[in-house]
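The following exercises are to be worked through with the model in view. Each task is followed by a solution in steps.

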Amino acid sequence: MEENMELLNDIYQNSRTGEESIKALLPSVDDAKLKNDLQTQMIGYTQMYAKAQQEIVNRKEQPKENGVLEQVSVRTGVKMNTLLDRTPSHIAEMMIQGSNMGIVSLTKQMKRHPEANHKVKQLADELLKFEENNIQRLKAYL
C-alpha cells in the first residue's frame, strides 16, 4: 500500500536527517555531557531508520534517500550555525528546532495516511516519542 511506503519513507528520511545533523554537529561540540547526549540521540536515530529500512525492504522496496542537495544543506547549515556560537545552549536550540521540524513533518504524514497499517503507525509513534524525549532532554542546556 502506497500510504505505508510514504509514511515509512518519511520515518526513514527523518531519522537519517537527524543522524546526519548530529554527525555534522559533533565536531563543534565542546561540552562533554552534551556531546554524550547527542551521541546517544544519534544511536537512537540510527536504530529508527534501520527499523524503517527493514520494513521498506520487507515490502520489496528501497528506501528513498535524502537528496544530495539536502545532505549538503544540512552540513552547511550546521557549520554556519556553529561558526560564531558553539555554546551548549545554542546547539541545544538548533537540535530542538530540528526535532520540532521532524515532529511536524511526521505528524502531517500520519494525518495524510490514517489508513496505514498498525505496525507502520506504531513505528511513526515511536519516532514521535523519541523526538519529544530528545527535546525534553535538550531543554536542560537552554
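**Exercise 1.** Determine whether Phe 130 is buried or exposed in this predicted model, and characterise the aromatic pairs of the structure.

*Solution.* Step 1. A residue is called buried when its relative accessible area is under 20%. Phe 130 has a relative accessibility of 17%, so Phe 130 counts as buried.

Step 2. A pair of aromatic rings is described by the distance of the centres and the angle of the planes. Two aromatic pairs are present in the structure. In one of them, the ring centres of Tyr 12 and Tyr 49 are 5.7 Å apart and the planes stand at 85°, so this pair is edge-to-face. Because Tyr 12 belongs to helix α1 and Tyr 49 to helix α2, the pair ties together parts 37 residues apart in sequence.

Step 3. Tyr 12 is buried at a relative accessible area of 2%, and Tyr 49 is buried at 12%. For Tyr 45 and Phe 130, the centres lie 5.0 Å apart with the planes at 85°, so this pair is edge-to-face. Tyr 45 is in helix α2 and Phe 130 in helix α5, so parts 85 residues apart in sequence are tied together. Tyr 45 is buried, its relative accessible area being 2%.

**Exercise 2.** Identify the salt-bridge partners of Glu 55 and describe their surroundings.

*Solution.* Step 1. Glu 55 forms a salt bridge with Arg 59, and the closest N and O atoms are 2.8 Å apart. Arg 59 is partly exposed at a relative accessible area of 25%, whereas Glu 55 counts as buried at 11% relative accessibility.

Step 2. Lys 119 also forms a salt bridge with Glu 55, with the closest N and O atoms 3.1 Å apart. This pair links distant parts of the chain, since Lys 119 is in helix α5 (residues 118-138) and Glu 55 in helix α2 (residues 32-58), 64 residues apart.

Step 3. The structure holds eight salt bridges. Arg 16, Glu 19, Glu 20 and Lys 23 are linked in a salt-bridge network. Within this network, the closest N and O atoms of Glu 19 and Arg 16 are 3.9 Å apart. These two residues are three residues apart in helix α1 (residues 2-25), so about one helical turn separates them. Glu 19 counts as buried, at 6% relative accessibility.

**Exercise 3.** Examine helix α4: what span should its 25 residues have, and which of its residues are buried?

*Solution.* Step 1. The expected span is 1.5 Å times one less than the number of residues. For helix α4 (residues 88-112) this gives 36 Å, and the end C-alpha atoms are 36 Å apart, so the two values agree.

Step 2. The buried residues of α4 include His 90, Met 94, Ser 99, Gly 102, Leu 106 and Gln 109.

Step 3. Gln 109 counts as buried at 13% relative accessibility. Leaving aside residues up to four places away in sequence, Gln 109 touches Glu 6, Leu 7 and Asp 10.

**Exercise 4.** Describe the overall form: how many helices and strands does the protein have, and what is its radius of gyration?

*Solution.* Step 1. The protein has five helices and zero strands.

Step 2. A compact globule of 142 residues would have a radius of gyration near 14 Å; the protein has 15 Å, which agrees. The C-alpha atoms fill a box of roughly 45 × 30 × 20 Å along the principal axes.

Step 3. Of the 142 residues, 44% are buried. Among contacts with a separation of 6 or more, 82% join residues 24 or more positions apart.

Terms used:
Residues numbered from 1 in each chain as written. Predicted model: local features only at pLDDT ≥ 70, side-chain atom pairs only at ≥ 80, totals over all residues. Heavy atoms only, no water. Salt bridge = Lys/Arg side-chain N within 4 Å of Asp/Glu carboxyl O. Helix = DSSP H or I, 4+ residues; strand = E, 2+ residues; numbered from the N terminus. Buried < 20%, exposed > 50% of the residue type's maximum accessible area, 1.4 Å probe, protein only. Rg over C-alpha atoms; globule rule 2.2 N^0.38 Å. Contact = heavy atoms within 4.5 Å. Phe/Tyr/Trp six-rings, centres within 6.5 Å; stacked < 30°, edge-to-face > 60°.
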